[in-house]
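Me: I would like to go through the terms used for this model and see what each one rests on.

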Amino acid sequence: IKNDDCYTPGDEVFANFPPMDFLGGVAPDEIIEDGVTAKEARNFVISNTVRYIPKFTQISKDEKTSWNFMAFFFPTEWLFSRKMYKHGFIFGIFMLISDLLALPFQQTILNLGYYDIKSYAEIPDFLVESIADGGIHYGVLIALFLGAVISFTLRLVAAFLGDYWYRQHVITKVKDIKLNSDNIADDFKKQGGVNLFLFLIVLLVMQYLPSIIFMFIRG
């Protein structure tokens, strides 16, 4: 690893931390793409740089896939927290649709007395009997299946391509800030990093909004 003595805007964020390699073994002046160095990317990413900076050097336009657990379990929340708002809105809409498709099934089994079940062992018999006697309609099951397929597919796409999207987001933003900003370090902090508050807000929205919409749809 080359010497990291040269100042780069945004170094202030890491100044008060104990000495350690926040680049995950990547040379500070290594070019990730389009003149953006690993150190500049680090100063924009700010949080969990030990994971992301090596990923950025491994991923390319020809090799886009990796694996991101946060993007799999919390695709919409992760995208918004990393300030990729366009991707976040798109994923949010489709995840909302998948949740709405599952709600008729959830409402149906509650109406059929799901809370009266005393043990998990009784659940399969309860579902089979409810389907057999027509309590759970096939349309509800089809909607549940479609919702599950949409949700799982979105999670896989986000997990496999999330790091690539974030890499391109970082490169685009860093290039723009370097070209147009009067205070690069300040703009790195404003436009980069992770917004945990937004993560929690989106998590709550995705948790409760489908039920609210479903109540209005039912009238």
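Me: Why is valine 149 called partly exposed, rather than buried or exposed?

Reply: Valine 149 has a relative accessible area of 38%. Buried means under 20%, exposed over 50%, and partly exposed in between, with a 1.4 Å probe and protein chains only; valine 149 is therefore partly exposed. This is a predicted model, where local features need pLDDT of at least 70, side-chain atom pairs count only at pLDDT 80 or more, and totals for chains, interfaces and linings use all residues. Residues are numbered from 1 along each chain as its sequence is written, and side-chain values use heavy atoms, leaving out hydrogens and water.

Me: What places valine 149 in a helix, and which one?

Reply: Helices are DSSP runs of H or I of at least four residues, strands are runs of E of at least two, and both are numbered from the N terminus. Valine 149 lies in helix H7, residues 138-180. The chain has nine helices and two strands, in the order β-β-α-α-α-α-α-α-α-α-α.

Me: How does the radius of gyration of the chain stand against that of a compact globule?

Reply: The radius is taken over C-alpha atoms, and the globule rule is 2.2 Å times the number of residues to the power 0.38. For 219 residues a compact globule would have a value near 17 Å, but the chain has 23 Å. The C-alpha trace spans about 75 × 35 × 30 Å along its principal axes.

Me: How much of the chain counts as buried?

Reply: By the cut-off already given, 41% of the 219 residues.
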